[in-house]
Amino acid sequence: MSVSETRLLFRHIDDPELATIDGYKRYGGYRALERAFKEMDPEDLLNEFEESGLRGRGGAGFPMGKKGSFLPRGDMEKYLACNADESEPGAFKDRELMLKNPHQLVEGCALASLAVGATYAFIFIRGEYWEVADVLDRAVAEAYEAGYLGKNILGTGKRVELVVHRGAGAYICGEETALLDALEGKRGNPRLKPPFPAIEGLYGGPTLINNVETLSNLRHIVLNGAEWYKGFGTEQSPGTKVVSVSGHVQRPGNYEIELGIPARDIIYGLAGGPPEGRRVKAWFPGGSSAPVLTEAELDLPYSFESLAEAGSMLGSGSIIVADETVSIPELALRTARFYHHESCGKCTPCREGTNWTVKMLERVVRGEATPMDLDIIAGVQENIIGNCLCVLGDSMAMPVGAMVRKFRHEFEETIERARESGPAPLDQSPADLPLTAGVAQ
């Protein structure tokens, strides 16, 4: 199966000079910034982003321009926060974008700041990305030296100050309000909403929060126009999408595709499909927090609307593939243990729900559960969804609930098999069991 990428953000990505300001400018870098700051009114710039239909690439898929329009007008201090805390299992697209083309993000931050009237911008990057953070620091320094950042950008009198802020390693800081608390020097806990960040965000000021990939799209929209951008993708999901493919595929990696192509073209055409002789059993279309889909759903268009109609979500655009050697109950347990570990514990449905889910799934893989326990597990997930302070609890409940629903027969078989063979050794945690344990090879 021959499928080609549609490269926009990844154009020239393999040129090592692209990470420098001179290399970036050879490919038209900062032309969009020059045009926007010298020729465009901020209101017109924001309207261009809204007209393009660009949807957030961090998970929620909310239109970027509309989100920016929620910030009030006026002379109050406003902020931009770039969410580079890429901690979702299966996600690694932002890492490559920042590492190989950091100026694309820097230019995007300046453009978004101009559009909403923000004078201070922050890139909140996960602490484990120390190498990427160093690359960003160099890019920001080069942009300041060239006059693309600072108090008087290109002599226009307009100001944007950009800071790269390293996180401290908590998954919860990827949630936008927890990210704001961490930026302020507090423990990264989600805030109660409303008020929403667009009204009361960083330091109490109106704040626009967008993902790395979202902001990286802005220069292309400014240079080519909203109508050009809408020529890619679908009506409801315009543009391209960088998709991270991992798991049981022969060519894992990042691929930039036009939204709306069949998921099969991504998994089999670009990523090579599972190892020879194996088939796709389940796949996460949008990272570990997305409800799993089956082999029968591989021909779905890969777009925000199609995956939502199928009961899942595009999320961060991170496809994780599991072939038939994977034990779904043990995959569900690993998923639940991750979110239980990363829960901040602030709200009861998440704190207790993730804990109970882990305990119940441990009973399943040890053969101590009954079919009735599967109904309890499913019920716990339903009580979590929509009842948490942030979406972390939902991020566990949605995929686990989908696995129980779509692979219930395998959960029942696992219970019977484990009961016959006896419980796992006491010194072996269920999360340490191989994913292929008890599954025919």
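Predicted model: local features only at pLDDT ≥ 70, side-chain atom pairs only at ≥ 80, totals over all residues.
Local features were considered at pLDDT of at least 70 and side-chain atom pairs only at pLDDT 80 or more, whereas totals for chains, interfaces and linings use all residues. Residues are numbered from 1 along each chain as its sequence is written, and side-chain values rest on heavy atoms, with hydrogens and water left out.

The protein contains 18 helices and nine strands, taken as DSSP runs numbered from the N terminus (helices, H or I, at least four residues; strands, E, at least two). The radius of gyration, computed over C-alpha atoms, is 22 Å, close to the 22 Å given for 441 residues by the globule rule, so the protein is as compact as a globular protein of that length. The rule is 2.2 Å times the number of residues to the power 0.38. Along the principal axes, the C-alpha trace spans about 75 × 50 × 35 Å.

An open sheet is formed by five strands in the order S6-S5-S9-S7-S8, with mixed pairing; two strands pair if DSSP finds at least two bridges between them. Strand S7 (residues 280-284) runs antiparallel to S8 and is joined to S8 by two bridges. Within this pairing, Trp-283 stands opposite Leu-293 of S8. Helix H12 (residues 263-270) packs on the sheet and touches S5 (240-247), S6, S7 and S9 (318-323), contact meaning heavy atoms within 4.5 Å. The direction of H12 makes about 115 degrees with that of S7; axes are lines fitted to C-alpha atoms, for helices over the stretch in contact, and angles run from 0 to 180 degrees between N-to-C directions.

The axes of H14 (residues 328-342) and H15 (residues 348-365) come within 9 Å and cross at roughly 155 degrees. The two helices are therefore roughly antiparallel, a term applied to angles over 145 degrees. H14 passes H15 in a left-handed crossing, in which the near helix is turned anticlockwise from the far one by less than a right angle. Contributors to the contact include Leu-333 and Tyr-339 of H14 and Val-358 and Leu-361 of H15.

The axes of H16 (residues 371-384) and H17 (residues 392-406) likewise come within 9 Å, crossing at roughly 145 degrees, and this crossing is left-handed. Among the residues in contact are Leu-374 and Ile-377 of H16 and Met-396 and Val-400 of H17.

Terms used
Parallel < 35°, antiparallel > 145°, perpendicular 65-115°, else oblique.
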